[in-house]
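Please look over the structure below before reading the notes that follow.

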Amino acid sequence: MITGSLAAWLADLSRDQIPAAVTREMRHLALDTFSVGLRGTHTPWYQAIRNWAVQDNHSRHGATLWGEGTQLRPSDTALVNGAAAHALELDDFHNAKVHPGAVIVPTVFAMAEHYRVDPAQLDMALAVGYEVMIRTSLALSPAETRLRGWHLTPVCGPLGAAAAASVMLQLRPREIRSALGLAATQSSGLFAFTLDGSDSKRLHAGMAARAGVVSAELARNGLSGPAYAIEAEDGGMMKAFSDHSDATRLLHELGKTWHAAKTNFKPYSCCGSAHAHVDAALDLRSVWSQGGVVRVGVPTLVDIQCGYRYEPGSELQAQMSVRYAVAAALLRGSVLPQDFGEEQRRDPAIIQLANAIEIVRDDDLDRRYPKEFCGWVEVIDRSGTPRRIMQSNPSGSSENTARHEKLREKSMVLLNQDFHPEISEAICDQFLRPGPLDVRGILGSLRIE
């Protein structure tokens, strides 16, 4: 019984069972998500979701929207803050093809604030939320599920969010099983947004966070969810989304192997599947001979997802395009939010180079992806010689020993756009210092200015 065994593990877990290294990673990733989310509040798609949520829904005793002091019930706060965290394509991602931070961190913050959860529980909630979400995707066979048209973040996110919320509410095993079942039945999310660059992707992380909060709250109130929601042969989640799923992967070495600690942060504001290519292009920029052939090696799935011909359209269309990302890296040396404005997206030089790039489907990369988010870029250098760089993992991955330092630098750059550097430093310190994570203190610090 997969769903029941997962619920029993969550109910029995204690804080001392979370390895210190996992907690350290969760703190850094939570800081990253929070910093990205604060900047995401400045986007028009965030405002559309926020304005819907606050209509006739103010509360004096709810949870706080990160970009302001408005309080809503925790499920809607998780929705809005999750959308903010996913708004800029700067939020973290795991090689299981999910964005856990934008789902789990808003869930934990909303629940912690509204229910006044013991701060000592928050590290555990973050860890199990990430872990359950990632393991759900791995069990589904993420490449196959994605090729069937599903966006794995809102498919797997509800279970991760429900796991985190259930731990914070200290639900009993049967209640957690119902919360997981209620979350699984809300799993959804189509990848059709790449065709027209629509805003639906911005909604998906918040949608998953909201589903997890609602599921835990309803289970606590006595609403039952399907006890075999994950593994049922007829109507179970695994069968619904994939023909080659393996539900046992949810439980394999559970509590011993922590996939959560292998989550990548994003130094670039584009699809995570293009990050290895951006790294390679930036390294080749100094030797690149403009006008020469540029070849980009990709796994087949990445070509299907991100290799489309680039036409100036929405910001999302540019962010999801490996052609645009590589062209921006070579021409500008930068792939950050400011490189996706309307003027930048319509730059004739970018358009010309992006569509001149030769996309190469590489069988070796197919064998390695998505276990590795790999790729290569080849250019002609100034001597007329082909120069290729192969990147097995992006620079934001756990393979990079300097990533904690780089992640804090990124957070400071983002926070300094809204706050005095001293306040930005204080926010970073509250996430990274030893001791319990003080959500109310972090949110309070935003109102200093």
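Are α2 and α5 roughly parallel or roughly perpendicular to each other? In this predicted model, helix α2 (residues 20-40) and α5 pack at an angle of about 90°, and the two are therefore roughly perpendicular to each other. The points below take up the helix contacts, the nonpolar cores, the cysteines and the backbone in turn.

**Helix packing**

- The axes of α2 and α5 are 9 Å apart, and the contact is made by Ala30, Thr33 and Phe34 on the α2 side, with Gly101, Ala102, Val105 and Phe109 on the α5 side.
- Sorted by class, the residues in this contact of α2 with α5 comprise five nonpolar, two polar and no charged residues.
- Helix α3 (residues 44-54) packs with helix α4 (residues 74-85) at an angle of about 175°, and their axes are 9 Å apart; α3 and α4 are therefore roughly antiparallel to each other.
- From α3, the residues making this contact are Tyr46, Ile49, Arg50, Trp52 and Ala53, while α4 brings Asp76, Leu79, Val80, Ala83 and Ala84.
- The contact of α3 with α4 is made up of eight nonpolar, no polar and two charged residues.

**Nonpolar cores**

- The largest nonpolar core has 92 residues, and those with the most contacts inside it are Leu6, Leu10, Phe34, Phe109 and Phe431.
- Helix α6 (residues 122-140) provides the largest share of this core, namely 13 residues.
- When its neighbours within four places in sequence are left aside, Leu10 is in contact with Val128, Val132, Ala163, Val167, Ile176 and Leu180.

**Cysteines**

- The structure holds zero disulfides, and Cys306 accordingly is in none, the nearest cysteine sulfur being that of Cys271, 3.7 Å away.
- With a relative accessible area of 0%, Cys306 is buried.
- For Cys374, the closest cysteine sulfur is that of Cys306, and because the two sulfur atoms are 13 Å apart, they are too far from each other for a bond.
- Cys374 likewise counts as buried, at 1% relative accessibility.

**Backbone geometry**

- Most residues other than glycine have a negative phi, and most peptide bonds are trans, which is the background for the next points.
- The peptide bond that joins Tyr369 and Pro370 is cis, with an omega of about 5°, and Pro370 is placed in the loop between α19 (363-368) and β5 (375-380).
- Arg116, although it is not a glycine, has a positive phi of about 50°; this residue lies in the loop between α5 (101-115) and α6, and at 60% relative accessibility Arg116 counts as exposed.
- Glu253 is not a glycine either, and its phi is positive at about 55°; the residue is found in the loop between α12 (237-241) and α13 (275-284), where Glu253 counts as partly exposed, with 40% relative accessibility.

Terms used: Residues are numbered from 1 along each chain as its sequence is written. This is a predicted model: local features need pLDDT of at least 70, side-chain atom pairs count only at pLDDT 80 or more; totals for chains, interfaces and linings use all residues. Side-chain values use heavy atoms; hydrogens and water are left out. A nonpolar core is a set of buried Ala, Val, Leu, Ile, Met, Phe, Trp, Tyr and Cys residues joined through side-chain atoms within 4.5 Å. Buried means under 20% relative accessible area, exposed over 50%, partly exposed in between (1.4 Å probe, protein chains only). Helices (H or I, at least four residues) and strands (E, at least two) are DSSP runs, numbered from the N terminus. Contact means heavy atoms within 4.5 Å. A disulfide is a pair of cysteine sulfur atoms within 2.5 Å. Axes are lines fitted to C-alpha atoms, for helices over the stretch in contact, and angles run from 0 to 180 degrees between N-to-C directions. Angles under 35 degrees count as roughly parallel, over 145 as roughly antiparallel, 65 to 115 as roughly perpendicular and the rest as oblique. Ala, Val, Leu, Ile, Met, Phe, Trp, Tyr, Cys and Pro count as nonpolar, Asp, Glu, Lys and Arg as charged, and the others, Gly among them, as polar.
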